[in-house]
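Subject: Model for you to look at

Hello,

Here is the model I said I would pass on. Please open it alongside these notes.

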Amino acid sequence: MSPYRDHRAPGGRQNRPSRKQRAATANQASNKGGTGAGQTSDAHVSGGVRLQKVLAEAGLGSRRACEQLIVDGRVEVDGSIVTELGTRIDPETQSVYVDTVRISTQTKKVYLVLNKPAGVVSTMSDPEGRPCLADYVRNNTERLFHVGRLDTETEGIILLTNDGELSNRLAHPRYEIPKTYIAKVKGQLAKDAGAILKAGIDLEDGFVKVDDFKLVDSTPGKSVVELTLHSGRNRIVRRLLAEIGHPVERLVRLKFGPIVLDEQKQGKIRPLRSDEVGALFEAVGL
């Protein structure tokens, strides 16, 4: 269930607030100080799509539930709170927020997450004929970009989208998007391994450190570790662990910013939920 769905959604027309009640809600909403100016506005676009329909198609619940979000003053369009149910907008050009989280309303935009298996090349084509990302989106007609990349033997989360601005920002070092990995490595780690990685290591292409590190499991000759870092350099996790004497045997990316692998099976691809896309927007200031 979407986190935006409201249990107070009206069950019938008789439950809709009156115009006077909506006006009172608008006055209260204007003092909330949301993403925009906090001033109420109908943000109306002649010939546009009804706002409640846009919200419903973005996965925020039934139209009734989305109407309640609007009259409760929880929806902003282009930075202004909208409480009028008759509002029509252009979902391709206007920005919509629910509870200050931006919602993806552009029907032509595609946001996917793949749990990449080992052996798949992180490109949309491969001249050597190896399995690649395009193999998982052959039924998609849009031109998709992969956000960053994983080396061929690394598994886990990789994002694909046709939203060029979002893709560029997620990959840019300026936004410091954290990525979390779990690695099976050779050898038993020294007690100070985590401290060394957090303090940072000077590699041939510059200094880098991890944001978080923990030992998950240890058996004779093997260890499992989890680490988070925001660097996107090539094979950075493998190189860091090798530098402290623990070559990686298996590596999986569990998280990319706010997106979590969770129970998604290997080789499966799925569209991101509206709240996940909104969380990505927030992470890069869109």
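Below is what I found, from the whole chain down to single residues.

**Ground rules**

This is a predicted model, so to speak of local features I need pLDDT of at least 70, and side-chain atom pairs count only at pLDDT 80 or more, while totals for chains, interfaces and linings use all residues. Residues are numbered from 1 along each chain as its sequence is written, and side-chain values use heavy atoms, with hydrogens and water left out.

**Confidence**

pLDDT is the predictor's confidence in each residue, from 0 to 100. Its mean over the chain is 83. A value of 70 or more is reached by 85% of the residues. Take care with residues 1-40, where pLDDT stays under 50. The model still has 67 contacts beyond four places in sequence for that stretch; a contact means heavy atoms within 4.5 Å. Where pLDDT is low, the predicted coordinates should not be read in detail.

**Whole chain**

There are seven helices and 17 strands. These are DSSP runs, numbered from the N terminus: helices are H or I with at least four residues, strands are E with at least two. The chain has 286 residues, and 46% of them count as buried. Buried means under 20% relative accessible area, exposed over 50%, and partly exposed in between (1.4 Å probe, protein chains only). Among contacts with a separation of 6 or more, 67% come from residues 24 or more positions apart.

**Helix α3**

Look at α3, residues 63-71. Seven of its nine residues are buried, so the helix is largely enclosed by the rest of the structure. The buried ones are A65, C66, E67, Q68, L69, I70 and V71. Just after α3 comes G73, with a positive phi of about 75°.

Most residues other than glycine have a negative phi. D78 has a positive one, near 50°. D78 lies in the loop between β2 (75-77) and β3 (80-81). Its relative accessible area is 44%, so D78 is partly exposed. T100 also has a positive phi, near 70°. T100 belongs to the loop between β5 (96-98) and β6 (101-103). At 46% relative accessible area, T100 is partly exposed.

**A buried Asp**

D163 sits in the loop between β9 (155-161) and α4 (164-171). D163 is buried but has no salt bridge. A salt bridge here is a side-chain nitrogen of Lys or Arg within 4 Å of a carboxyl oxygen of Asp or Glu. The nearest side chain of opposite charge is K109, 4.4 Å away. For charge, Lys and Arg count as positive and Asp and Glu as negative; His and the chain ends are not counted. What does the side chain of D163 join in a polar contact? The side chain of Y111, at 2.7 Å. A polar contact is a pair of N or O atoms within 3.5 Å; within protein, one must be able to donate a hydrogen and the other to accept it, and residues adjacent in sequence count only if both atoms are side-chain atoms. Leaving aside neighbours within four places in sequence, D163 is in contact with K109, Y111 and F281.

**A buried Gln**

Q264 is in the loop between β16 (259-260) and β17 (269-271). Its relative accessibility is 13%, so Q264 counts as buried. The Q264 side chain reaches the backbone oxygen of V113 at 3.0 Å. Not counting residues up to four places away in sequence, Q264 touches V113, L114, N115, I269 and R270.

**Salt bridges**

The structure holds 15 salt bridges. R270, R273, D275 and E276 are linked in a network of them. R270 pairs with E276, the closest N and O atoms being 2.9 Å apart. R270 is partly exposed at 22%, and E276 is buried at 7%. The side chains of D275 and R273 meet at 3.1 Å, N to O. R273 is partly exposed at 45%. Another salt bridge joins R130 and E128, at 3.7 Å, N to O. There, R130 is partly exposed at 34%, and E128 is exposed at 60%.

Best wishes
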